[in-house]
Amino acid sequence: MAVRARRTLRRLELEAYASVVSAFRAQGPLTTEKKSSLEMLCRHLGIACDRHKAEVRRAVNDELLSAVAECLSDVHNEHSWRKEGQKLASANPPRLVTRQSGNLPQVLASVVANASLLQQQKQQQQQQQHQRQQTQDQGAGG
């Protein structure tokens, strides 16, 4: 029973990490804040570096995520993600990551809250940019 529980937990951890990577990719560029959140999640969920890079490559190659990111972002954002997903040229075997103890739901809630805050800030910036453009257009036309 314990083996099955551990397998279930591991599957949930991997699915959670993949979902966060997908959501961040769809939001646009890989910012410092997003990268920091992913590093924190790797520590808490026991995600190895190779697994992280594989998830990033999966998200970069996902046409739907790319289309969403392109639609919502004015900035070409694929480069930062591709760079993050590059394989390391190393003869060393993959390093296992040990999980940090802590309350995983709190960690995930924190990451989601940070992502939501970043999205709100981005929307505000876009609205301000749009308002500036309208003001400039009105000044040029009047």
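This is a predicted model: local features need pLDDT of at least 70, side-chain atom pairs count only at pLDDT 80 or more; totals for chains, interfaces and linings use all residues.

Colleague: What makes up the protein chain, in helices and strands?

Modeller: The protein chain has 6 helices and 0 strands, in the pattern α-α-α-α-α-α along the sequence. Helices (H or I, at least four residues) and strands (E, at least two) are DSSP runs, numbered from the N terminus. Of the 142 residues, 29% count as buried.

Colleague: Why is S22 called buried?

Modeller: Buried means under 20% relative accessible area, exposed over 50%, and partly exposed in between (1.4 Å probe, protein chains only). S22 has a relative accessible area of 16%, so S22 is buried. This residue lies in helix α1, whose buried residues also include L14 and A18.

Colleague: What does S22 touch, leaving aside its neighbours within four places in sequence?

Modeller: With those neighbours set aside, S22 is in contact with R58 and L65; contact means heavy atoms within 4.5 Å.

Colleague: How do you know that the reach of α1 is close to the expected one?

Modeller: The expected span of a helix is 1.5 Å times one less than its number of residues. Helix α1 has 26 residues and reaches 38 Å from its first C-alpha to its last, close to the 38 Å expected. After α1 comes G28, with a positive phi near 130°.

Colleague: Why is α1 called roughly antiparallel to α2?

Modeller: Axes are lines fitted to C-alpha atoms, for helices over the stretch in contact, and angles run from 0 to 180 degrees between N-to-C directions. Under 35 degrees counts as roughly parallel, over 145 as roughly antiparallel, 65 to 115 as roughly perpendicular and the rest as oblique. The axes of α1 (residues 2–27) and α2 (residues 32–45) cross at roughly 175° and come within 11 Å. That angle makes α1 roughly antiparallel to α2.

Colleague: Which residues of α1 and α4 make their contact?

Modeller: The axes of α1 and α4 (residues 63–72) are 6 Å apart, at an angle of about 40°. S22, R25 and A26 of α1 meet L65, S66, V68, A69 and L72 of α4.

Methods. Residues are numbered from 1 along each chain as its sequence is written. Side-chain values use heavy atoms; hydrogens and water are left out.
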